[in-house]
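User: I would like to learn how to read a protein structure, one feature at a time. Please begin with contacts.

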Amino acid sequence: MSISSDTSSPAPDYVEPHHEVGVGPWEGEWPQGEHWDPELLAEGDRRNVLDAYRYWTMDAIVAELDTRRHDFHVAIENWQHDMNIGTVVRTANAFLAKEVHIIGRRRWNKRGAMVTDRYQHVRHHPTVEDFVAWAQGEGLAIIGIDIFPDSEQLETYELPRNCVFVFGQEGPGLSAEVHAAAQTTLSIEQFGSTRSINAASAAGIAMHAWIRRHVFNQKVG
């Protein structure tokens, strides 16, 4: 009988490499202008912002974004404190949505937003009725994103420029009130075994569809 024993020393624990975000204190003479933040210039800017906004005040960044926000809005129903809202806000910031609208509960989990809610306008509507009245007053087409028997395909639908995409609570989906108020509801074509996709993922797909239609098609033309 042979007996083997492992006498090798245990492998050292893996150490995650340190990656420092942002930039350190400004080197040299400080730049002049009201958009510069003296504290960031002195201590460095470690925020999750584009390099073009380094050392800018938060208000200055928001003001610059406001000059070029797109014409679509995003809304999500929040009846059960949906954990996806933070991610939706972060994606809306990435695609420069005009506003994000929270329908239902005012409080929402901001963890997934990764602080992007500071740069993204977020509006609260206590009820669907309040939200619908606001959208109609702004002349926005309400576009629901969900799987209904009467849903049309997002991939082939001619998205209007001025619209608000509405996403339902994770699980139950869009409420009957939003479904009834919507100009249309759109579904996202799927090819696997699952019957639905995550609400935050659906929001990202819908926003990018608007960008392709109203930003890149214009550039091509």
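Analyst: Contact means heavy atoms within 4.5 Å. In this chain, residues 24 or more positions apart account for 64% of the contacts with a separation of 6 or more. The model is a predicted one, in which local features need pLDDT of at least 70, side-chain atom pairs count only at pLDDT 80 or more, and totals for chains, interfaces and linings use all residues. Residues are numbered from 1 along each chain as its sequence is written, and side-chain values use heavy atoms, with hydrogens and water left out.

User: How many helices and strands are in the protein chain?

Analyst: Helices (H or I, at least four residues) and strands (E, at least two) are DSSP runs, numbered from the N terminus. The protein chain has six helices and seven strands. Their order from the N terminus is α-α-β-α-β-β-α-β-β-β-α-β-α.

User: What does buried mean, and what percentage of the 221 residues is buried?

Analyst: Buried means under 20% relative accessible area, exposed over 50%, and partly exposed in between (1.4 Å probe, protein chains only). Of the 221 residues in the protein chain, 42% are buried. His125, in strand β3 (residues 122–125), counts as buried because its relative accessibility is 2%.

User: What does the side chain of His125 make a polar contact with?

Analyst: A polar contact is a pair of N or O atoms within 3.5 Å; within protein, one must be able to donate a hydrogen and the other to accept it, and residues adjacent in sequence count only if both atoms are side-chain atoms. The side chain of His125 makes one with the side chain of His101, at 2.9 Å. Not counting residues up to four places away in sequence, His125 also touches Ile102, Ile103, Gly104, Asp130, Phe131 and Trp134.

User: What is a nonpolar core, and which residues of the largest one touch the most other members?

Analyst: In soluble globular proteins, nonpolar side chains tend to be buried together. A nonpolar core is a set of buried Ala, Val, Leu, Ile, Met, Phe, Trp, Tyr and Cys residues joined through side-chain atoms within 4.5 Å. The largest one here has 31 residues, and those touching the most other members are Phe72, Ile143, Ile145, Phe165, Phe167 and Trp210. At least two residues each come from β1 (72–78), α3 (85–94), β2 (100–104), β4 (141–145), β6 (163–167) and α6 (199–220). The largest share, eight residues, is from α6. A second, separate core has 14 residues, among them Phe131, Ala135, Ile142 and Val178.

User: How is a pocket defined, and what lines the second largest pocket?

Analyst: On a 1 Å grid over the protein atoms alone, a cavity is a set of points where a 1.4 Å probe fits but cannot get out, and a pocket is an open set with protein on both sides within 12 Å along at least five of seven lines; lining residues have an atom within 4 Å of a point. Grid points are joined across faces, edges and corners, and a volume is the space filled by probe spheres set on the points. The second largest pocket has a volume of about 320 Å³. It is lined by 13 residues, of which Leu50, Tyr53, Leu65, Asn93 and Ala94 are the closest to its centre. With three residues, α3 gives the most to this lining.

User: What is the volume of the largest pocket?

Analyst: The volume of the largest pocket is about 400 Å³. Among its 21 lining residues, Asp146, Ile147, Gly173, Ser196 and Ile197 are the closest to the centre.
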